[in-house]
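Please keep the sequence and the coordinates in view while reading.

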Amino acid sequence: MLDAISLDQLRTFIAAADEGSFSAAGRKLRRAQSVVSHTLANLENQIGVQLFDRSGRYPRLTEEGTALLVQARQVVSGMDGFKSSARAIADGLEPELSVVVDVMYPMASLTDAVDAFRKQFPHTPLRLYVEALGAVMQPVIGQTCRLGISGSMPSVPDGLDAEKLLDVRMVTVAAPTHALALSNGIIRAPELKQHVQLVLTDRTTLTEGATFGVFSPQIWRLADLGAKHAFLRAGFGWGHMPANMVQDDLDAGRLVTLRIEHFQPHTPPIAMFAVYRRDTPPGPAGQWFLDRLKGAYGTP
């Protein structure tokens, strides 16, 4: 009997509970009151539970009915989501969107785009990963992720297309107590080589043998940008950071900018690109997400 419960019965149950009477539920559903009453009576017989107390002028949910109403809403909502997703997929929308984002990408822009995506595509799951260097490209190449947002790796492997999104302003910084922070004017290469440089490390072999903005033989390689940030503030070394991530520290004097010979008049920005396989370009949801990322930060 329980297997024969229909969505129509559950929708009728929800309407009666929400409207407060069988007659009002009938008007909402455009059915006669007798049909509503009969539908609910059949539902109660099938599940062996009385959903409404009919002893008063208006039917009232029983304690059991109140508990089951929550489940009924979940079932109906789930089916509505299933049908919406099925229609969208039939129209060409991706069943889900998986994105790997460079750790250097401005988080305020990313969170804005994610929030907007969840509202625009409520039935399209979004899987998000934050990585650096080759670890952004590898999931796209291996088809684990449909899209990659890459910047800290300057070259794009064969088989991938790239689409410019924005430039991320970079600064070279150290703690105010660091020896380099005490230098006046431009810091020359020999002086840089005397101090530990903090750099991001690649979790993959895609950048093996390559260096990006590394000027010191004394290197601490960190897999996490947050750890690099903390080490810089602690005075363990110097390094390049996204300006938006350290702006509060610069304003408060917890970090200071360094003027180094290689980067004048300022540290070069990092260009962020959307990358995807040529044989699987972004679908409607993916392209919407990319367009949102562009709009959230301004056109480069």
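**Sheets, helices and cores**

Three strands form an open sheet in the order E10-E7-E11, with antiparallel pairing. Strands here are DSSP runs of E with at least two residues, helices are DSSP runs of H or I with at least four, and both are numbered from the N terminus; two strands pair if DSSP finds at least two bridges between them. The edge strands are E10 (239-242) and E11 (256-257), each of which pairs on one side only. Strand E7 (residues 170-174) and E11 are joined in the antiparallel sense over two bridges, and Ala174 has Val256 as its bridge partner in E11.

The model is a predicted one, in which local features need pLDDT of at least 70 and side-chain atom pairs count only at pLDDT 80 or more, while totals for chains, interfaces and linings use all residues. Residues are numbered from 1 along each chain as its sequence is written, and side-chain values use heavy atoms, with hydrogens and water left out.

Two helices accompany this sheet. H8 lies across E7 and E10 and runs at about 120° to E10, whereas H9 lies across E7, E10 and E11 and runs at about 105° to E10. Such angles run from 0 to 180 degrees between N-to-C directions, and the axes are lines fitted to C-alpha atoms, for helices over the stretch in contact; contact means heavy atoms within 4.5 Å. Two packed helices are described by the angle between their axes and the distance between the axes. For H8 (residues 225-233) and H9 (residues 243-252), the angle is about 25° and the axes are 12 Å apart. The two helices are therefore roughly parallel to each other, a term that covers angles under 35 degrees.

A second open sheet has five strands in the order E4-E3-E5-E12-E6, with mixed pairing. Its edge strands, each pairing on one side only, are E4 (126-131) and E6 (160-168), and the twist averages 20° from one strand to the next. Strand E3 (residues 97-102) pairs with E4 in the parallel sense over six bridges. Val99 has Leu128 as its bridge partner in E4, and Asp102 stands opposite Glu131 in E4. Helix H5 (residues 107-120) lies across E3 and E4 and runs at about 170° to E4.

How many residues of E3 are buried? Six of the six are, so E3 is largely enclosed by the rest of the structure; buried means under 20% relative accessible area, computed with a 1.4 Å probe on protein chains only. In a regular strand the side chains alternate between the two faces of the sheet. In E3, Leu97, Val99 and Val101 point one way, and Ser98, Val100 and Asp102 point the other way.

The largest nonpolar core contains 38 residues, and those with the most contacts inside it are Met104, Tyr105, Ile149, Phe289 and Leu293. Such a core is a set of buried Ala, Val, Leu, Ile, Met, Phe, Trp, Tyr and Cys residues joined through side-chain atoms within 4.5 Å. A second, separate core of 15 residues includes Phe13, Phe22, Ala25 and Phe52.

Definitions and conventions:
Buried means under 20% relative accessible area, exposed over 50%, partly exposed in between (1.4 Å probe, protein chains only). Angles under 35 degrees count as roughly parallel, over 145 as roughly antiparallel, 65 to 115 as roughly perpendicular and the rest as oblique.
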